[in-house]
Amino acid sequence: MWNPEKEREFIKNTDAVVWATISCMDCDFRYEALFKKTKPRRCLECGGKLSSTTPQGRNSPVSIFTEKFASEIFEGALKKAGYDDLEVKRNVVCDELDLTSRSAADMAVVKKGVKGRVYEASQIEIVFEVKMSLIWNWEPKKDGDIQIEADYDNHKGRGSIYRTDSILKAIGKGAIFRSHFQSNDIPYIVVGNSPPPKSYLDKIDGSVRAGIVQRFLSLTPEPLVIDKSDPKERNPKESKGEGFLRIDSKDELKDFIDDLLDDERIFIGSMLKKTKLGKIIKSLDLDKEYSEIGEAFFKRLYDVEVV
Ligand SMILES: [Zn+2]
């Protein structure tokens, strides 16, 4: 599972991390950190206001590292569950599902034996959108090591699915995916490594109830390292509507995968009238940005006119 050691390993072995400089606006006090803390911390020298250089977003080396992590852990779960005819691949392309080389599936469970990354829809079992990132706020120490200074919700970085834009983008991508008939029996899973913001839990549950996304996951059992207050709110096991789920162990992940691959399940029909979902998707402008599609989807979902 994702934990501080994984993050430390990545940060210490890459030159892709650019440390933000946090400096006092009144004196020459300054320090480096991955992100600026959310709770205003005053200058330690003079009590003045602190400003920061731009905190970094999810850059390409972070995506590569986290997607590799995710594919290894899901591959392990697949093996444990005994699916010897399936494997996990990254950057999967499928024309029928509009997964083009420019917007490939980050990761997918596919039938074994296909060379390359181009698949037919019938060879794809699960599609994953990976929205993992660095979630803690690190600071360098004098001895060259680094240490965590703030948890996922106490700094300006807003990583993984704690970033609302990432949630909307994933839903927008899911709506496009669902607009293709052949996607009907393929689960679409969003993989994160932090909890979502509390104010977005209803959107997450709504998109899952509607069958656009089957689940938002966090692969971090213990995101609270520095401030352990309000664990129920800040580290929920799942959302009320079960759209979000925190996976705590490799065994839990195995059970989750096993359940998804159960052939008895049909996703769309059981959650919302197909006609309503079809009408909503048809009414969306699928050429827009993913996040705009995600927003528009929610407006329509609760629109009583569309029945
Ligand atoms: Zn100062």
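I started at Ser-207, which lies in helix H4, residues 201-209. A reminder to myself before going on: this is a predicted model.

**Entry 1**

Is Ser-207 buried or exposed? I get a relative accessible area of 0% for Ser-207, so I put it down as buried, the cut-off being under 20%. I then looked up what surrounds this serine. Leaving out residues up to four places away in sequence, Ser-207 touches Ile-171, Ile-212, Val-213, Phe-216, Phe-297 and Phe-298.

Two of those names, Phe-297 and Phe-298, turn up again in the contact with helix H9. From the H4 side I noted Lys-203, Gly-206 and Ser-207, and they meet Phe-297, Phe-298 and Leu-301 in H9. I sorted the residues of this H4 contact with H9 by type and got three nonpolar, two polar and one charged.

How do the axes of H4 and H9 cross? H9 covers residues 290-301, and its axis comes within 11 Å of the H4 axis, with a crossing angle of roughly 75°. Angles of 65 to 115 degrees count as roughly perpendicular, so that is what I wrote for H4 against H9.

**Entry 2: the nonpolar cores**

Next I went looking for the largest nonpolar core, and I found 43 residues in it. Phe-74, Phe-128 and Leu-219 have the most contacts inside this core. I also checked which elements give two or more residues to it; among them are helix H1 (4-12), strand S4 (86-92), strand S9 (188-192) and helix H6 (250-260). Helix H2 gives the most, with seven residues.

With neighbours within four places in sequence set aside, Phe-128 is in contact with Phe-74, Ala-105, Asp-106, Met-107, Ala-108, Val-109, Ile-189, Val-191 and Ile-257.

There is a second, separate core of 39 residues. I noted Tyr-119, Leu-168, Ile-204 and Phe-297 as included in this second core.

**Entry 3**

I moved on to an open sheet of three strands, paired antiparallel in the order S2-S1-S3. Which strands are at the edges? They are S2 (30-33) and S3 (50-52), each pairing on one side only. The twist I noted averages 25° from one strand to the next.

Strand S1, residues 20-24, runs antiparallel to S2, and four bridges join the two. For Ile-22 I looked up the bridge partner in S2 and found Tyr-31.

Phe-29 is in the loop between S1 and S2. Its relative accessibility is 14%, so Phe-29 counts as buried. Neighbours within four places in sequence aside, I have Phe-29 in contact with Ile-22, Ser-23, Cys-24, Cys-43, Leu-44, Glu-45 and Leu-50. I also checked Phe-29 against Gly-48: they are 19 residues apart along the chain, and their C-alpha atoms are separated by 9.5 Å.

**Entry 4: Asn-154**

My last stop was Asn-154. Where is Asn-154 found? It is in the loop between strand S8 (146-150) and helix H3 (164-178). Asn-154 has 13% relative accessibility, and I count it as buried because the cut-off is under 20%. Not counting residues up to four places away in sequence, Asn-154 touches Lys-37, Thr-38, Lys-39, Asp-227 and Arg-234.

Terms used
Residues are numbered from 1 along each chain as its sequence is written. This is a predicted model: local features need pLDDT of at least 70, side-chain atom pairs count only at pLDDT 80 or more; totals for chains, interfaces and linings use all residues. Side-chain values use heavy atoms; hydrogens and water are left out. Two strands pair if DSSP finds at least two bridges between them. Axes are lines fitted to C-alpha atoms, for helices over the stretch in contact, and angles run from 0 to 180 degrees between N-to-C directions. Buried means under 20% relative accessible area, exposed over 50%, partly exposed in between (1.4 Å probe, protein chains only). Contact means heavy atoms within 4.5 Å. Angles under 35 degrees count as roughly parallel, over 145 as roughly antiparallel, 65 to 115 as roughly perpendicular and the rest as oblique. Ala, Val, Leu, Ile, Met, Phe, Trp, Tyr, Cys and Pro count as nonpolar, Asp, Glu, Lys and Arg as charged, and the others, Gly among them, as polar. A nonpolar core is a set of buried Ala, Val, Leu, Ile, Met, Phe, Trp, Tyr and Cys residues joined through side-chain atoms within 4.5 Å.
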